[in-house]
Amino acid sequence: MRGLTIWFTGLSSSGKTTISQAVREKLLHAGYKVEWLDGDAVRQHISKGLGFSKEDRDENIRRIGFVAELLTRNGVIVLVSAISPYRAVRDEMRALIGNFIEVYVEAPLEVCQKRDIHGIYRRAAAGEIHHVTGLDDPYEPPLSPDAVCHTGLETLEESVAKVMDRLERSYNGIR
């Protein structure tokens, strides 16, 4: 079996982790080898010490991509949930990995701010942190994502179905 990376990109609190975890459960239940690379966990372990400059963000994504490529090459379905704000480095990861599905987890900033899973938007509003993607740092949406999940408008089940449908088309019969 060939591996594949599904890369979930979007603003903080857009739903990347929630959707990727639901997809992970479906795939594990079906007996596939699956690994999940979460942007927050990678920052704590593999990318510890990197800041939030454009260069550091790009390096963080390259490190995630390196691990994803190794796993993909070895027959694993890799789920990456990371903001990945810059289009060029996402495109670079697509080229590196090869078997790659980009999922844009789209939610308006106002929806993400209401969810604020990690308190990032609250802390930014209080002036405690800076370089928050979507506020004072840019987010470049994908130009041609393989799937788009509009989490402000659709249910988790609808978003997961979109990803699974796209995966099935790429992977011939996965379910």
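In this predicted model, β1 and β4 run parallel and are joined by 5 bridges. Within this pairing, Trp-7 stands opposite Glu-102 of β4. β1 also pairs with β3, again in the parallel sense, over 5 bridges. Here the bridge partner of Trp-7 is Val-80 in β3.

The burial of β1 was examined next. Of its 6 residues, 6 are buried, so the strand is largely enclosed by the rest of the structure. Both faces are covered. Leu-4, Ile-6 and Phe-8 are buried on one side. Thr-5, Trp-7 and Thr-9 are buried on the other.

In soluble globular proteins, nonpolar side chains tend to be buried together. The largest nonpolar core of the model holds 20 residues. Ile-6, Phe-8, Val-23 and Val-103 touch the most other members. Two or more residues each come from β1 (4–9), α1 (16–29), β3 (77–81), β4 (100–106), β5 (147–150) and α7 (156–171). The largest share comes from α7, with 5 residues. A second core is separate and comprises 15 residues, among them Val-78, Tyr-86, Ile-97 and Phe-100.

Neighbours within four places in sequence are left aside here. Phe-8 is then in contact with Lys-16, Ile-19, Ser-20 and Val-23, among others. Its contacts also include Leu-79, Val-80, Ser-81 and Ala-82. Val-103, Val-105 and Val-163 are in contact with Phe-8 as well.

α1 was then considered. The helix has 14 residues. From its first C-alpha to its last it reaches 20 Å, close to the 20 Å expected at 1.5 Å a residue. Its buried residues are Lys-16, Ile-19, Ser-20, Val-23 and Leu-27. Seen down the helix axis, the buried residues of α1 fall within an arc of 95°, so they line one face. An α-helix has 3.6 residues a turn, so residues three or four places apart point the same way. The buried residues of α1 pack against β1, β2 (34–38), β3, β4, β5 and α7. Just after α1, Gly-31 takes a positive phi of about 95°.

Conventions. Residues are numbered from 1 along each chain as its sequence is written. This is a predicted model: local features need pLDDT of at least 70, side-chain atom pairs count only at pLDDT 80 or more; totals for chains, interfaces and linings use all residues. Side-chain values use heavy atoms; hydrogens and water are left out. A nonpolar core is a set of buried Ala, Val, Leu, Ile, Met, Phe, Trp, Tyr and Cys residues joined through side-chain atoms within 4.5 Å. Buried means under 20% relative accessible area, exposed over 50%, partly exposed in between (1.4 Å probe, protein chains only). Helices (H or I, at least four residues) and strands (E, at least two) are DSSP runs, numbered from the N terminus. Contact means heavy atoms within 4.5 Å. The expected span of a helix is 1.5 Å times one less than its number of residues. The arc is that of the directions from the helix axis to the C-beta atoms. Two strands pair if DSSP finds at least two bridges between them.
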